[in-house]
Amino acid sequence: MESPGYRTFAVEVSRVQRLCPSFTRITFSGDDLLGFGACGADQRIKVVLPAPGRTAADLVATCRAWGEDWYPQWLAAPGDQRPLLRTYTVRGARPCLGEVDVDFVLHGAAPGDHAAAGPASRWAMTARPGDQLVVVGPDRPGTGRAWGREWAPPEGGRLLLAGDETAVPAVCAVLEALEPEAARRTVALLEVPCAEDALQPVASGGAAVRWLPRQGPAGHAAHGSLLVDAVRSLLDGGGLVAPAPRRPAEAGSTCDPDADLDVLWDVPEAVGSGDLYAWVAGEASVVRDLRRLVRGAGLPKTSLAAMGYWKAGRSEAA
Ligand SMILES: Cc1cc2nc3c(=O)[nH]c(=O)nc-3n(C[C@H](O)[C@H](O)[C@H](O)COP(=O)(O)OP(=O)(O)OC[C@H]3O[C@@H](n4cnc5c(N)ncnc54)[C@H](O)[C@@H]3O)c2cc1C
């Protein structure tokens with residue numbers, strides 16, 4: 001029988017490293033992670049937090065009792081006892097050491113950033129070595145379909161990565177994994193709360209990486225505005241998409257096929273070949289604007305992965 005490609009892992013915080021005003025890197029460790037099936041790039045996991053009023057020890061015991069069948073049991077748990085699930089990116093994984101790094105954005109921690117912290121961001125602000133938690137991630141022995149990765153560029157062509165701070169861990173992991181030849185064809189645009197949040201990837205192999213801090217000498221830019229402007233000027237400069245007939249603008253939200261969706265998630269089933277592959281992620285309404293821009297410039301649906309990583313004013317459904 002096919003076993004799932006993902007499962008729960010009981011983990012312990014082994015290191016906490018404040019990288020800059022808005023990011024803290026938490027290293028999770030544990031023997032369980034020796035079986036972690038990280039496959040790089042934008043691999044996502046679920047961080048599982050105790051339900052309000054419950055302890056981390058309760059959480060670990062509950063998840064152990066659920067075993068492989070955790071998801072239906074999680075769904076069936078009464079709302080007030082259901083652990084919280086939040087989605088994060090594997091920033092680094094060393095399965096042979098039983099270690100996984102996750103870079104958490106600390107909402108509202110940078111100067112001029114007044115975002116409210118949610119349970120995961122709050123947890124990360126106070127995490128200490130020894131804290132217990134559970135993550136759901138890819139299982140190396142799993143025989144099911146590979147789970148939780150969207151980065152799938154075609155061979156050749158230019159590559160555009162664009163995102164806000166929640167996409168920085170994924171973009172940095174992708175850049176570090178690119179072959180130098182592919183890196184030279186890559187542009188990454190990353191909007192972050194302040195200039196000190198420009199986290200350089202360990203190696204970007206020649207990719208053009210541009211950081212867009214919202215807090216600047218002229219004040220605080222609205223979330224997503226710098227990213228949208230930067231993508232627009234790349235497209236207007238003709239530097240990214242081969243000239244193609246302009247599609248009629250996909251008008252405002254009333255005509256948007258995703259307008260009713262809670263969070264935009266529009267990734268191609270199969271990746272087409274083309275002159276440009278674009279991967280965009282961040283706040284859902286900003287991603288919707290970016291998708292409209294790049295599709296309007298002639299990029300086919302099969303060459304665009306557009307992912308709402310969070311939605312302003314709404315907790316991740318859990
Ligand atoms: C595939 C994927 C990968 C992701 N990878 C990462 C990652 O590596 N690192 C990371 O930090 N985040 C990442 N995120 C985003 C993260 O899941 C959300 O930010 C999540 O909502 C945080 O949970 P929370 O409990 O702190 O806040 P929630 O309880 O979900 O939300 C509470 C409030 O905070 C707001 N909020 C949520 N996120 C932000 C934000 N970033 N800035 C300002 N306000 C916010 C919400 O709109 C809401 O009003 C990823 C999301 C996805 C889908």
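The model is predicted, and local features need pLDDT of at least 70, side-chain atom pairs count only at pLDDT 80 or more, while totals for chains, interfaces and linings use all residues.

Let me begin with the domains, whose bounds come from an automatic or database domain assignment. The protein chain is divided into domain 1, which covers 6-138, and domain 2, which covers 158-310, and their centres, taken over C-alpha atoms, are separated by 26 Å. Where the two meet, 16 residues of domain 1 are in contact with 15 residues of domain 2, and here contact means that the C-beta atoms of two residues, placed from the backbone, lie within 7 Å. On the domain 1 side, strand E1 (6-20) and strand E6 (99-105) are the elements that give two or more residues. Helices (H or I, at least four residues) and strands (E, at least two) are DSSP runs, numbered from the N terminus. That side of domain 1 divides into eight nonpolar, four polar and four charged residues, where Ala, Val, Leu, Ile, Met, Phe, Trp, Tyr, Cys and Pro count as nonpolar, Asp, Glu, Lys and Arg as charged, and the others, Gly among them, as polar.

Now for the sheets, in which two strands pair if DSSP finds at least two bridges between them.

Strand E14 (residues 276-283) and E15 pair in the parallel sense over six bridges, and Gly-282 has Gly-308 of E15 as its bridge partner.

Which helices come within 10 Å of each other, axis to axis? They are helix H6 (residues 225-236) and helix H7 (residues 284-296), whose axes cross at roughly 5°; axes are lines fitted to C-alpha atoms, for helices over the stretch in contact, and angles run from 0 to 180 degrees between N-to-C directions. That makes H6 roughly parallel to H7, since angles under 35 degrees count as roughly parallel, over 145 as roughly antiparallel, 65 to 115 as roughly perpendicular and the rest as oblique. Among the residues making this contact are Leu-227 and Val-231 of H6 and Leu-290 and Leu-293 of H7, and by class the contact has eight nonpolar, no polar and two charged residues.

Finally, we come to the ligand. Of the 26 residues around the ligand, Val-105, Ala-115, Gly-118, Ser-121 and Ser-315 come nearest, and a residue is near a molecule or strand if its C-beta atom, placed from the backbone, lies within 6 Å of it. The largest share of this shell, four residues, comes from E4, and the shell divides into twelve nonpolar, eight polar and six charged residues. Both domains take part, with at least three residues drawn from each of domain 1 and domain 2.

Terms used
Residues numbered from 1 in each chain as written.
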